[in-house]
Every structure is written in C-alpha cells, then in structure tokens.
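Dear colleague,

I am passing on to you the structure we spoke about, with the sequence beside it. Please have a look at it first, and then read the notes below, which go through what was found.

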Amino acid sequence: MNDDKAPLYEKLLEHADRRSISFHVPGHKSGQGILPQALSHYGQIAKIDLTEITGLDDLHHPEEVIREAQLLAARCFGAEETFFLVNGSTTGNLAMILTVCGKDDILLVQRNVHKSVIHGLMLAGVRAVFIAPQMDKFTGLAGTLAAEDVAEALAAYPEAKGLLITNPNYYGMGARVGDLAELMHGHRKPLLVDEAHGAHYGFHPELPRSALMEGADIVVQSTHKMLTAMTMGAMLHVQGERVDRTVLARILGMLQSSSPSYPIMASLDLARKQMQTEGRNLLERALAHLREFVGLMRELPAFRIISQMEPSLAVASKDPFKVLAEDRTGTLNGFQLKDELEKRGCYCEMADPRYALLVFSPASTHLDAVKLYEAFSDVYADLRLDKKELMPETTNIYNLTPPMKVSAPVSFSMAMIRHMVAAKRLPFEQAVGFSSAEMIVPYPPGIPMLYPGERITVEIADELQILSDSGAKFQGLPPGMDGTIAVVTASFFSDQS
C-alpha cells in the first residue's frame, strides 16, 4: 500500500475521464441532467457521483479500491480494521451498541452522550446504567467520567457488556481514556468511544492522544467535523478481540444506505491521505493561527477565552481547537454573544447560556483568526464593554450537587416512542413514581438528569426543584413549562411487562 495514494478517489477520476455512457443509476448521468443553474456548483462533483459498477467496488462487500482505502485508513488512524461511514457518526454509534449488546443487556453509559446513543439503546432494547461525569469548577461545565465511578458501576452490575463514553465532549474536554480502558479490560469488557470530535487526535504532540492509542476497542470518528471530509463522512475503527467484527459488518450493512455516496467515501479517502502525508504540518500552522487569535484577545479583557485547560479530576485533556468565549461583564450570555459575532460574519459552532463555542481546524487560516478578533473587537467597542465591571468567574449555581453518580438500569425500547407521544405534563413533585417521557437537562450543570423511560424518584424530583429554584433553565422544554415533566402513562409499564 502507498500512503500517498487515494485509491478510491483516483479510481473515480479514472472512470470519469473515460467519459463512458451511463446506463446505470444515478439518474443525473454523471451530471449531464443537472439543472443548468446548478452546474457551476454540482457539475464537477456529479462526475464522480457513481455507483457500484465494475471497478468501483462495493462498500458492503469491499474487495478492491474501497478495501484498499479502508486499509490505508486503519494504518493511518492506528486501527486493526476501519469501516467507512456515509451516514455520519450516528451510524457508528448505533452499530457499536447493536454489535456489543442484545435485548435486555446492560451497558454502562456516560450520562451526557449524543442523542444517537440513546437511539441506539432504543433499537437494541438495552438497559442502560448511566454514570454522571465530574463537574469542572473552572468552567462550570460537565467534564468526563472518573474511573472510581465506573468501578462502582461495574461492582454493582458485573454483567454489563461494556462501557460507552464520549471523548472528547462538545467543548473539547477529554477523559483519562487509558485508565478506563485498563479498568474495563481487567473485567474482560470492551470500551466503546464516541470520538466524533477527535478525528485529529494523535497527529500532533500538542493534541491529546487518540482513543485507539489509549486502548479503546471500538471508536467512532466524524472525519468531517475536525478533518476535511464531506459532511456525513465518518469512520468506525476497531482493534482487539473484544468486538465481533463479523457481526459489526453485518449490522453496518443494515444501517447504512445500499446506495452509499461515492463522493463522501472519496472525501474520506482524501482526508486520510492529507493527514497521513501532511497532517502534522497542517495542524502546526492551524495551532499557530489559534495562538495568534488567543494572543490578540488579551487586548479585550472583557472576554474570557478558553483554549487550554489544566488537568483536573473532571478534565484530563483539552482540545485547543475548541475555543470557549465568555463575556465576563455579564452583558451578553452565550447565545447573545454568538448572535453578535454572526452579525459580523463569524459563525459559531454553538452556544449555551454562558459560552459561545468556536471551532478551529487544520483548514483554519491566519485571515480567519484576524477576522474573528476583529469581530470581537467590534462587539467590544459597540457595546462599550471596556466601561463595564467584570463579573465573578463563578457563582454558587455552578457548584450544585450533580446528579447521582450511578443510575439504576433504565430500560429502552422502540415501544417507548409510541407511548411518549401521549405523555402528560406534571409538576416535579407530582411526577414521582412515573417514567419520564423526555430528556430533562438543567443548565447548569448541563447533564441530563432524566432520560426517556427513566423512573422519577423523590430524590430526583427534589434535586430538580432545587435547581429550578436556584435559577437553572431546562433545555428542550416548551416555553413556560419550567418546573414540569412530561411523563408516560401506566400503559407503558404494562406493555413492558
């Protein structure tokens, strides 16, 4: 194998150059049927938007160029085997769970996970034991799992099939993955990692090591998020013998489209080649631009910029490319700061009540860094933030007791979806004994306290009331519905028996 090749992409170009006549799908026939006004954007990409014809291989039974591209990806990212995903990391998360777990199996799950994990639990009919992450006092954000909490869950539920974590989280905060892998392997169980935001890990000494380097058994990466693949391009990496790869391949064949996008697969091939041949240099340049931006922002002391973090119990590592920005005067919350930056042409990844989140990548440039600083500078001047006092860095609301460390098993099933449509809303204190019909996420601390199907206890209701009285907001609730929970009716429990 030649690391400098992009075998799938090159094969697509070779076929396009032949100008063969298409008597196969897709119907646009290599772009000749596309609307004229769209040709300038779609014309070139349509030439390689092909299907499983002779010479182009088959994602669901790779033997030629797709197989070679996946082998090159495995070598690049440090896996024993890599699968291309054309439906994003969502498909990878579903496949991980369905491969490792069957109906009524127990899976240990980090409490603050992506919704695709919850959907995977439903599809598999899993009983999830949720483990709460540690709270970071510096930022007031939910961090990562502590190994002792995982050990407690293992002691309580030794039959668990494995542990699923998110690393890093949306804010770039990472766990001690090696410690968790060692703990799980000591119990002969796999570590599953949703590393959607960490495809660039391990390619530069200033970045954290990847989950594969730390011993994880199966890892999902969104190659489109932090590297340069097209949107929905992702990879699923496997190593070791704790995950059945034959089962995994069959499940991916069920979950992924039978007509996978060749442009997306080719972009995965190209992103791998780029990182393998020039990844460190690209990251070095991007880190220099990031450092330039952070340095410039020191001229605007009303803004708190967090790119790096000191290790703590809650945070073992931090992705410097995930930049948190906060207005220290309290004039703008995170959503308002995001809006102000976007008015000035700089679009953020997301916001919460405290921070706007900005994402740099290997593609970020010097001009990007300067333009972002200028946008902040304009906000600073227009709102006269230099004339305002700075707020304390933390308040008591960020030091509230987090949810219980280890939950009781929560049963998930597809039947939940139908029953939760007919849910009714009750005040916290009246909801005790019912099962939640929605995900309840108080912010702060930003950790789901209830998942759909989770039984509401007196302790949880009391904690929710304390949070509400302290000023916490509940993400996802309809307007004016703070202080209430949607609960499922008794029919749900009878149907589960």
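**The open sheet**

Four strands come together in an open sheet, and their order across it is β9-β11-β13-β12, with antiparallel pairing. At the edges are β9 (303-306) and β12 (350-351), each of which pairs on one side only. Please keep in mind, here and in what follows, that this is a predicted model.

Within this sheet, strand β11 (residues 322-327) and strand β13 (residues 356-359) run antiparallel and are joined by four bridges.

**A pair of helices**

Two packed helices are described by the angle between their axes and by the distance between those axes. For helix α6 (residues 147-156) and helix α7 (residues 177-186), the angle is about 20° and the axes are 10 Å apart. Since angles under 35 degrees count as roughly parallel, α6 and α7 are therefore roughly parallel to each other. The crossing in which α6 passes α7 is right-handed.

Which residues of α6 and α7 meet? From α6 there are Ala-147, Val-150, Ala-151 and Leu-154, and these meet Leu-180, Leu-183 and Met-184 in α7.

**Two buried residues**

I would also draw your attention to His-200, which is found in the loop between β6 (191-194) and β7 (218-221). Is His-200 buried or exposed? Its relative accessible area is 0%, and because buried means under 20%, His-200 counts as buried. Not counting residues up to four places away in sequence, His-200 touches Leu-207, Met-226, Leu-227, Leu-283, Asp-319 and Phe-321.

The other residue is Ala-46, which lies in helix α2 (residues 39-46) and is likewise buried, with a relative accessible area of 4%. If its neighbours within four places in sequence are left aside, Ala-46 is in contact with His-28, Ser-30, Gly-31 and Ile-34. As for Pro-26, it is 20 residues apart from Ala-46 in sequence, while the two are 9.4 Å apart in space, taken from C-alpha to C-alpha.

Terms used
Residues numbered from 1 in each chain as written. Predicted model: local features only at pLDDT ≥ 70, side-chain atom pairs only at ≥ 80, totals over all residues. Heavy atoms only, no water. Axes fitted to C-alpha atoms, helices over the stretch in contact; angles between N-to-C directions. Parallel < 35°, antiparallel > 145°, perpendicular 65-115°, else oblique. Left-handed = near helix turned anticlockwise from the far one by under 90°. Contact = heavy atoms within 4.5 Å. Buried < 20%, exposed > 50% of the residue type's maximum accessible area, 1.4 Å probe, protein only. Pairing = 2+ DSSP bridges.
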